[in-house]
Amino acid sequence: MKYKGIALSILSVILFFNSCNIGVDPNHDLAVVPPDSAVAREIETNDLMYGIPSDSFTIVQGKIRKNSFISDILLDGGVPMPEIDQALRNSSSVFDVRKVQPGKNYALFCEKETGRTRYMIYEHNPVTTYVFSFTDSLNITAFNKEITTKIIYASGTINTSLWEAVLDQGLNTEIAYYLSEELFAWTIDFFGLEKGDKFKVVYEQQYIEDKPYKISKVLTAQFTSSGQTYTAIPFIQDGKESYFDIDGSSLHRAFLKAPLTYSRISSKYTTSRMHPVLKIRRPHLGVDYAAPAGTEVHSVGDGRVISVTSDGTNGRMVKIKHNSTYSTAYLHLSRFGSGIKTGAMVKQGQVIGYVGSSGLSTGPHLDFRFYRNGLAIDPLKVVAPPVEPVSEINKSRFEIIREVNLSLLNTL
């Protein structure tokens, strides 16, 4: 991983030709911490916390329990219900206490002599903390930590998997998600990566108090797999930013390369395979993805559910018609996704079921099938059409952005 300064001229070109707003949602939540016991502990400190002289109080810390309420915590801390109601009314536009989440940290600032709570601190997310005041002013105040951003240049080589390559370089593991799910999900088969495949990426990494927070934007990326190089160039067209290849074709395709993540191919499409249960040779007209039971299965494209069935052979199966030519089927599910029923409309990437071992199956896996004009075809050989390319009117602006991005990648 390398940190580099970027020439002002390059940044000026990017901002002039491809400007976009980059912001932070202070209400954005990361993964919820598993609920923990809320057994409080007392600590003494001399720090000034959120403007509160904390050494004047006994601080009682805990985690929000499942199905508990802020009012319950405050009542236990000696705050009268009328004061709680008044503080919430005064600050309804600042914070909706119904958004309090289990597992999040809180602290009560209690008077040392009486034990009565005068302040409560609730850490809503890594950026935003709310302070509940029960002194002369009954209100809630939001404190937002400062976020800084650095531009990271990184590259890596695949030895075992993309995830391991990202870890080996000490990068934010979000990058593995961006590369495999956001940028190249439609063009690269990430279940078929080979040793020696490579990636380059330039991205904006946000920090809170010098600790990595999240990736705010991938500026550009490049992936070489099986000797072919794919480049992702961000470009704004018709008011919407998307990623395009060097020819101006969209990297977004009508179909995803695979219906699930973090798996492996255990059996490919073939006209003759020894069935693991029946012990006879017969066609296997799909691709088997071995994955843990309960893994989400996503629709590879927009479409309409034409059947939701369950039988002793295919197990729980969902079949989706995408257009007049293509349809897909998802077999051996453990259960169906929410709202998945015959006639339902689904979007690309929507969860339509979960990996299982229903029907004739020796273990948890997904049997994924692709049909063209009603005939089964090899899912791994489907070439999906891209969405709208860069328009002729935008070609000259795109070419400038492309050269800037290629220059950035060439520094790696």
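This is a predicted model: local features need pLDDT of at least 70, side-chain atom pairs count only at pLDDT 80 or more; totals for chains, interfaces and linings use all residues.
Biologist: Which residues is T117 in contact with, leaving aside its neighbours within four places in sequence?
Modeller: Residues are numbered from 1 along each chain as its sequence is written, and side-chain values use heavy atoms, with hydrogens and water left out. T117 is in strand β7; helices (H or I, at least four residues) and strands (E, at least two) are DSSP runs, numbered from the N terminus. With contact meaning heavy atoms within 4.5 Å, T117 meets L74, G77, V79, L108, F109, C110 and F134.

Biologist: Is T117 buried or exposed?
Modeller: Buried means under 20% relative accessible area, exposed over 50%, and partly exposed in between (1.4 Å probe, protein chains only). T117 has a relative accessibility of 0%, so T117 counts as buried.

Biologist: How is the ring pair of F95 and Y122 classed?
Modeller: Rings of Phe, Tyr and Trp (its six-membered ring) pair if their centres lie within 6.5 Å; planes under 30 degrees apart count as stacked, over 60 as edge-to-face and the rest as tilted. The whole structure has 18 aromatic pairs. For F95 and Y122 the ring centres are 5.8 Å apart and the planes stand at 35°, so this pair is tilted.

Biologist: How many residues apart in sequence are the parts that F95 and Y122 tie together?
Modeller: F95 is buried at 5% relative accessibility, and Y122 is buried too, at 0%. F95 sits in the loop between α3 (81-90) and β6 (105-111), while Y122 belongs to strand β7 (residues 117-123), so the pair ties together parts whose separation in sequence is 27 residues.

Biologist: Which residue in the turn between β13 and β14 has a positive phi?
Modeller: Two strands pair if DSSP finds at least two bridges between them. Here five bridges join β13 (residues 228-237) to β14 (residues 240-244), and the two run antiparallel, with F235 opposite S242. They form a hairpin with two residues between them, and the turn residue with a positive phi of about 55° is D238.

Biologist: Which side chain makes a polar contact with the side chain of T231?
Modeller: T231 is also in strand β13, and is buried with a relative accessible area of 6%. A polar contact is a pair of N or O atoms within 3.5 Å; within protein, one must be able to donate a hydrogen and the other to accept it, and residues adjacent in sequence count only if both atoms are side-chain atoms. At 2.9 Å, the side-chain partner of T231 is Q222.

Biologist: Within what arc do the buried residues of helix α6 fall?
Modeller: The buried residues of α6 are F398, I401, V404, N405, L408 and L409. Seen down the helix axis, they line one face of α6, so there is an arc to quote, taken from the directions from the axis to the C-beta atoms. On the other side, S396 and N410 are exposed.

Biologist: How far apart in space are P386 and S250, C-alpha to C-alpha?
Modeller: P386 lies in the loop between β26 (375-377) and α6, and is partly exposed at 42% relative accessibility. Not counting residues up to four places away in sequence, P386 touches S250, H252 and R253. P386 and S250 are 136 residues apart in sequence, while their distance in space is 5.8 Å.
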